[in-house]
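Visitor: I'm new to this one. Can you put it on screen and walk me through it?

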Amino acid sequence: SPASASFHTTSFSEAEADLPRVLITGGLGQLGVGLANLLRKRFGKDNVILSDIKKPPAPVFHSGPFVYADILDYKHLREIVVNNRITWLLHYSALLSAVGEANVSLARAVNITGLHNILDVAAEHNLRLFVPSTIGAFGPTSPRNPTPDLCIQRPRTIYGVSKVHAELMGEYYHYRYGLDFRCLRYPGIISADSQPGGGTTDYAVQIFHAAAKNGKFECNLEASSRLPMMYIDDCLRATLEVMEAPAEALSMRIYNINAMSFTPEELAQEVCKHVPGFQITYSVDPLRQAIADSWPMNLDDSNARKDWGWKHDFDLPELVTLMLNFHGSNSR
Ligand code: AKB
């Protein structure tokens, strides 16, 4: 009624107060810009701040708030959180599996020391914290097909060790300090307009570019290496969904999410349906191959499906069609 409406002159700020104020670290990697776009659609452009230690490309800089944030500088991190009234922190700074093996001390600093700063700033300011984990958090002694949420985790990479550490520390801070920590174990993520930086699953992104450009691809994993993979849109939607899930729905803090699983050979066969004469050859990188051999072939994500309704949209045929359409239309 008009009378009650007049008492509600604060409706704008009430609605504003309900929206999360989001900070994304490591925002210029494979996933940050897409994640910011998705969250900005949902919460408004100015409520989502992208950050990194690199200079953003112009389109990223002009698409919404961007700040410099070095996760190894605790005071500066705290300043950003305080000055921007941050309530959600999504932490994407990390060195990936292959590049981490090439620089273990940097990977240890960023992936472990950096994470400690993130946990502390989140606990101190009562933030909801998301940290992505990965299939890389499993190792050769984990069951590989399928890999359940709870099983032995003895990874053999610094990346994997740092991710198990992040899982355990986040869970510990949850039980010890009530931190609202949420975590998903991502498969290899396949994206069209952003590049992965130094992982083991990178071939599954590069193959599309090469197929569209040259009709052939040299793969650095063996033809039969089966790994779990996911299209980026599914990955980002899963992240938003688990962040929005009511606390009561979450029976645990760390969930596997799964979509598809394929080998380079199977992926190449699917690509062939669109690019006649496409050829794949193999020049195996022993480091990446050893890592792939120790990782899951398939994740068991039944807990995510049961607890908060996770469901993937994209399987191999749709993925290949989308990726080749993107590269085809971009190279024309
Ligand atoms: C990597 O290959 O290192 C990443 C991952 C699966 O975590 N893409």
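Visitor: Where is leucine 221 found?
Guide: Leucine 221 is in the loop between strand E8 (216-219) and strand E9 (227-231). Helices (H or I, at least four residues) and strands (E, at least two) are DSSP runs, numbered from the N terminus. This is a predicted model, where local features need pLDDT of at least 70 and side-chain atom pairs count only at pLDDT 80 or more, while totals for chains, interfaces and linings use all residues. Residues are numbered from 1 along each chain as its sequence is written.

Visitor: Is leucine 221 buried or exposed?
Guide: Leucine 221 is buried, because 24 other C-beta atoms lie within 10 Å. The cut-offs: 20 or more other C-beta atoms within 10 Å is buried, 12 or fewer is exposed, and in between is partly exposed, with C-beta atoms placed from the backbone.

Visitor: What is leucine 221 in contact with?
Guide: Leaving aside neighbours within four places in sequence, leucine 221 contacts Tyr203, Pro264, Val284, Arg288, Gln289 and Ala292. Contact means C-beta atoms, placed from the backbone, within 7 Å. Serine 283 is 62 residues from leucine 221 in sequence, but their C-alpha atoms are 7.3 Å apart in space.

Visitor: New topic. Which residues surround the ligand?
Guide: Leu96, Ser97, Thr134, Ile135, Gly136, Tyr159, Gly188, Pro196, Gly199, Thr200 and Thr201. A residue is near the molecule if its C-beta atom, placed from the backbone, lies within 6 Å of it.

Visitor: How many of them are charged?
Guide: No charged residues are in that shell; it has four nonpolar and seven polar ones. Here Ala, Val, Leu, Ile, Met, Phe, Trp, Tyr, Cys and Pro count as nonpolar, Asp, Glu, Lys and Arg as charged, and the others, Gly among them, as polar.

Visitor: How many residues are in the largest nonpolar core?
Guide: That core has 91 residues. Leu89, Leu129, Ile190 and Ala211 have the most contacts inside it. Such a core is a set of buried Ala, Val, Leu, Ile, Met, Phe, Trp, Tyr and Cys residues joined through C-beta atoms within 7 Å.

Visitor: What does leucine 129 touch?
Guide: Not counting residues up to four places away in sequence, leucine 129 touches Leu89, His91, Ile118, Ala122, Gly170, Leu179, Asp180 and Phe181.

Visitor: And helix H10, how far apart are its end C-alpha atoms?
Guide: They are 18 Å apart. The expected span is 1.5 Å times one less than the number of residues.

Visitor: Which H10 residues are buried?
Guide: Ile232, Asp234, Cys235, Leu236, Ala238, Thr239 and Val242. Threonine 239 has 22 other C-beta atoms within 10 Å, so it counts as buried. Threonine 239 touches Leu35, Phe130 and Leu184, not counting residues up to four places away in sequence.

Visitor: What about phi at arginine 85?
Guide: Phi of arginine 85 is near 50°, a positive value. Arginine 85 counts as exposed because it has 10 C-beta neighbours inside 10 Å. Asparagine 126 has a positive phi too, about 60°. Asparagine 126 is exposed, with 11 other C-beta atoms within 10 Å.

Note on methods:
Two residues are in contact if their C-beta atoms, placed from the backbone, lie within 7 Å.
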